[in-house]
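Here is a friendly walk through a structure, meant for reading with the model open beside you. Please take a look at it first.

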Amino acid sequence: MFNLKKIPLLAGTALAVLGLTAVAPATVSAADFPSKPVQLQVPFAPGGGADRTFRLFAPYLAEELGVPVKVTNVAGGGGWVSWSQVVNDWNPRRDDHKLAVVNIPHIFSFLNPDMKRSEKLESFNFLAWHSYDPGLWLVRADDERFKDLDDVLEYAQKQAIIVAPGSFGSDDHIGVAFAQQAVPGFKAKFVTSRGDNSKIQLALGGHVDLIAGNVGFFINSIEEGQLRPIAVLHPERWPLLPDVPTFEEITGKRNITYAGRTIATANGLEEEKRQVYLDAIKRAMANPEYIAKEKANKNHLQFAEGDDMWKLLREGQTVAEQAAYWKQEGVQ
Amino acid sequence: MESIEYLGNVLTLVNLAAMFVGIIVGLIIGAIPGLGPPMAIALMIPISFEWPADTALILMVSTYAAGIYGGSFTAILLRAPGTSASAASAIEGYEMTKRGRATEAIRMSTFASVMGGLISGFALLYLAPPLAKISLLFGPSEFFVVALLGLTAIAAVSFGAVLKGLIAGLFGLLVSTVGVDAASAFPRFTYGMTGLLSGVGILPAVIGLFAFAQALTLCEGSPKSNISGTTKLSWNIMPRWSEIMHCRWSLVRGWVTGLIMGIVPAAGASVAQWIAYAWEIQRGKPGDKFGEGEVKGLAATEGSNNGVTGTSLIPMFVLGIPGGISAAVILGALMIHGLQPGDRLFRDSPDVIFTVIWGFILANFFMGGIAAVMARTMAYVTLFPRGLLAPIIMIFCVVGTFAASGNPWDVWIMVFFGIVGYLAQKYNFSPAGILLGIILGPIAEEGLRNVLIVSDDSPFSFIFSRWISVTIIIMIAIALYYAFKPKAWDKAVEEGEAILAAGEEKKDA
């Protein structure tokens with residue numbers, strides 16, 4: 001079947017193809033783009049989950065682009081200080097060496113009429129979807145009151161359960177807000193905190209009953225024996241936590257939330273430049289060394305571009321609209 | 001302890017080189033207003049990416065320790081604190097500089113910082129697990145009362161002008177409410193301006209209130225005069241025994257405050273220094289000149305901010321809960337190197353973690369020597385003419401503020417607080433009071449609102465049912481009692497004046 005004589009020919013063709021792909025970026029981006037360091041703008045402070053991931057990603061992206069990639073932090077306003085810059089101030093000529101991280105579903109806080117924002121999903125020039133981390137509910141490992149999600153729901157129907165969802169309008173809050181609407185009688189009180197780290201503090205110290213967070217961040221606390229997972233807020237069970245049921249399995253209600261990270265660029269950026277970025281991101285994300293590093297960090301990479309990416313983005317908007325936390329009464 | 005065997009791991013050429021680079025980078029970056037340890041450490045993550053984990057982390061913890069100390073150089077020499085952790089040192093330190101005692105101030109700052117860092121490092125080495133447990137006891141109610149304790153320092157830093165000090169503090173609290181409210185995601189006092197969504201950051205406020213305001217103040221005098229009032233500086237960089245003995249209890253109080261505040265989540269060095277300073281003023285004796293270059297005040301603030309460094313890494317290493325931004329960035333680096341914080345870190349990778357802790361201790365030790373020489377050289381800036389110094393400070397303020405956040409709005413906020421700080425200083429409305437309001441406002445607000453939610457609107461019974469909260473409330477009561485109790489020397493002065501007045505009357509008669 002297999003003709004041995006053809007091997008040199010095959011190898012030759014393969015080499016030629018490889019050679020072409022290696023040369024390809026140089027010919028396509030003949031306009032010498034990018035010509036100077038590229039800035040990757042993270043909308044949160046240094047040390048957070050997004051910052052950590054993109055500082056890890058930057059050297060691999062730099063390798064593909066052929067210029068250094070600098071991570072900058074423009075924090076504040078739940079991401080909006082950075083995002084307003086991206087949408088309103090970035091000029092496709094002047095700011096063509098800038099990329100921005102946009103977090104899903106954080107971005108959907110523009111749906112909240114109180115925010116008085118004029119942006120829409122289409123206001124952003126999204127390049128690619130980068131990573132995905134499903135929502136997770138956890139309790140203190142030695143908390144006898146809660147064996148499983150049923151215990152949590154039963155408790156929350158009798159008295160308000162104290163939840164640490166980070167900040168208002170975050171993906172973690174969206175999951176609890178959905179439960180408040182989908183599960184009859186479910187009552188929750190929110191103890192806000194600055195980021196996931198302080199949630200561990202609040203739960204271990206017995207200051208809250210339930211943490212609403214994400215798998216990637218909290219898996220370490222689970223393996224450490226500090227916290228115990230109760231339910232995953234994802235359509236199926238998550239491979240990293242095969243024994244943890246989904247919210248839907250227990251209640252029949254599809255409660256989905258997640259932290260998604262995308263990369264966007266200036267509106268109106270020339271198509272050729274856009275393609276250079278997109279190709280570089282795609283190749284960097286396929287780098288086995290990078291994949292291994294992210295795997296060790298329990299961060300789930302998920303590349304998507306074009307229509308696939310837009311489908312994910314629109315699904316994200318549906319999730320935020322369903323939870324509609326801003327319509328709830330009795331929220332301070 | 002078995003951990004001593006890991007000391008040898010630090011002494012490899014590579015690890016020592018990383019340590020020295022960390023110390024020097026930290027000292028320089030700490031001294032420049034705006035550039036601080038979190039930023040320096042974040043920039044080191046990609047550089048040290050391929051290094052062994054212990055070398056990379058030694059680089060980072062050395063930068064952290066040296067950065068907190070480096071901020072004090074410019075605070076003492078120019079009243080332009082390089083980081084928010086050294087703002088309190090600007091008060092007594094700069095007053096000493098103005099009186100030609102810059103080198104004495106640097107000596108005391110170096111001794112207090114190095115010893116504070118060493119003590120804190122040994123606490124990290126030997127007391128990590130029990131101290132981590134204590135840090136877990138801090139919940140919403142404790143955050144609220146700790147912030148109140150910090151706010152009582154306003155009474156101390158207003159130096160007698162209590163009403164003006166309180167106005168300054170309230171202004172700071174009001175400013176701290178600007179921006180998106182975390183509990184409702186609703187923007188407050190932003191007037192539709194995007195730049196105000198993130199509120200007023202501590203960094204632009206510190207740089208404005210102290211450094212930029214100082215540059216404006218320098219513009220007042222003759223452009224050719226210098227700030228130290230002398231033309232020569234002493235070369236003695238080792239503190240004298242008599243100086244140490246004079247400040248011994250101040251140092252101890254500073255170190256203790258630092259060690260404790262290090263394990264309090266969210267507080268850190270920028271709160272510890274003010275509590276230490278206020279404590280010091282309350283313990284003042286006749287003859288102490290607080291606000292006019294009292295070395296005891298400087299010993300306390302400098303001891304406390306470095307006393308924080310080691311213990312603030314405890315919750316991070318043991319529980320995975322970083323106490324501040326620097327610790328959060330170090331945690332990020334730890335995870336990038338494939339290490340997960342927690343018991344497993346100590347169990348599965350003792351070689352890495354204990355090597356890093358010993359590296360931290362040694363970094364504090366070597367930092368003293370390098371810093372003392374460097375600071376002595378830097379002290380020459382106090383001999384520069386004002387006409388040169390003021391514009392240089394302004395440039396660093398603008399560049400540093402922009403570099404820290406990448407947000408041009410922060411530069412305008414910094415300039416605004418520069419003008420506020422200049423006027424406040426001139427009319428005796430404590431700039432430190434404003435800063436305390438800005439730092440502690442968000443901690444107090446979040447704590448109080450969470451207490452109200454958790455306690456179903458009966459906060460008092462909730463707060464008083466928790467022993468740490470009650471302990472802190474007792475400390476607040478003591479602090480307020482001492483703040484308003486007439487001081488022994490005030491009485492003496494009043495009596496003296498009365499006697500003099502009586503004498504005058506007699507003469508008249």
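This is a predicted model: local features need pLDDT of at least 70, side-chain atom pairs count only at pLDDT 80 or more; totals for chains, interfaces and linings use all residues.

Residues are numbered from 1 along each chain as its sequence is written, while chains are lettered from A and ligands numbered from 1 in the order in which they are written. Chain A has eleven helices and ten strands, where helices (H or I, at least four residues) and strands (E, at least two) are DSSP runs numbered from the N terminus.

**Chain A as a whole**

- Of the 332 residues in chain A, 49% are buried; a residue is buried if 20 or more other C-beta atoms lie within 10 Å of its own, exposed if 12 or fewer, and partly exposed in between, with C-beta atoms placed from the backbone.
- Among the contacts in chain A with a separation of 6 or more, 76% join residues 24 or more positions apart; two residues are in contact if their C-beta atoms, placed from the backbone, lie within 7 Å.

**The two domains of chain A**

- Chain A splits into domain 1 (36-131 + 259-323) and domain 2 (134-257), with bounds that come from an automatic or database domain assignment.
- The centres of domain 1 and domain 2 of chain A, taken over C-alpha atoms, are 27 Å apart.
- Where these domains meet, 15 residues of domain 1 of chain A contact 16 residues of domain 2 of chain A.
- Helix 11 (residues 306-323) of chain A gives the largest share of the domain 1 side, four residues.
- That side of domain 1 of chain A consists of five nonpolar, nine polar and one charged residues; Ala, Val, Leu, Ile, Met, Phe, Trp, Tyr, Cys and Pro count as nonpolar, Asp, Glu, Lys and Arg as charged, and the others, Gly among them, as polar.

**Helix 7 of chain A**

- Which residues of helix 7 (residues 215-223) of chain A are buried? They are A:Val215, A:Gly216, A:Phe217, A:Phe218, A:Ile219 and A:Ser221.
- These buried residues pack against helix 2 (49-65), strand 4 (125-140), helix 6 (195-204), strand 7 (210-214) and strand 8 (227-233) of chain A.
- Just after helix 7 of chain A comes A:Gly225, with a positive phi of about 80°.

- A:Arg274 sits in helix 9 (residues 271-285) of chain A.
- Buried or partly exposed? A:Arg274 is partly exposed, because 17 other C-beta atoms lie within 10 Å.
- Setting aside residues up to four places away in sequence, A:Arg274 touches A:Leu127, A:Thr265 and A:Leu269.
- A:Leu40 is 234 residues from A:Arg274 along the chain, and their C-alpha atoms are separated by 14 Å.

**Where chain B meets chain A**

- This contact involves 44 residues from chain A and 45 residues from chain B.
- On the side of chain B that touches chain A, two or more residues each come from helix 3 (37-47), strand 1 (179-180), helix 17 (325-336), helix 18 (343-348) and helix 22 (431-454) of chain B.
- Helix 17 of chain B supplies the largest share of that side, seven residues.
- By class, the chain B side has 27 nonpolar, 15 polar and three charged residues.

**A helix pair in chain B**

- Helix 4 (residues 53-78) and helix 19 (residues 350-378) of chain B pack at an angle of about 30°, their axes 8 Å apart; axes are lines fitted to C-alpha atoms, for helices over the stretch in contact, and angles run from 0 to 180 degrees between N-to-C directions.
- Helix 4 and helix 19 of chain B are therefore roughly parallel to each other, a label for angles under 35 degrees, with over 145 being roughly antiparallel, 65 to 115 roughly perpendicular and the rest oblique.
- The contact of helix 4 with helix 19 of chain B has 17 nonpolar, four polar and one charged residues.

**B:Ala87 up close**

- B:Ala87 lies in helix 5 (residues 87-98) of chain B and counts as buried, with 33 C-beta neighbours inside 10 Å.
- Apart from neighbours within four places in sequence, B:Ala87 contacts B:Ala75, B:Pro81, B:Val206, B:Phe210 and B:Leu435.
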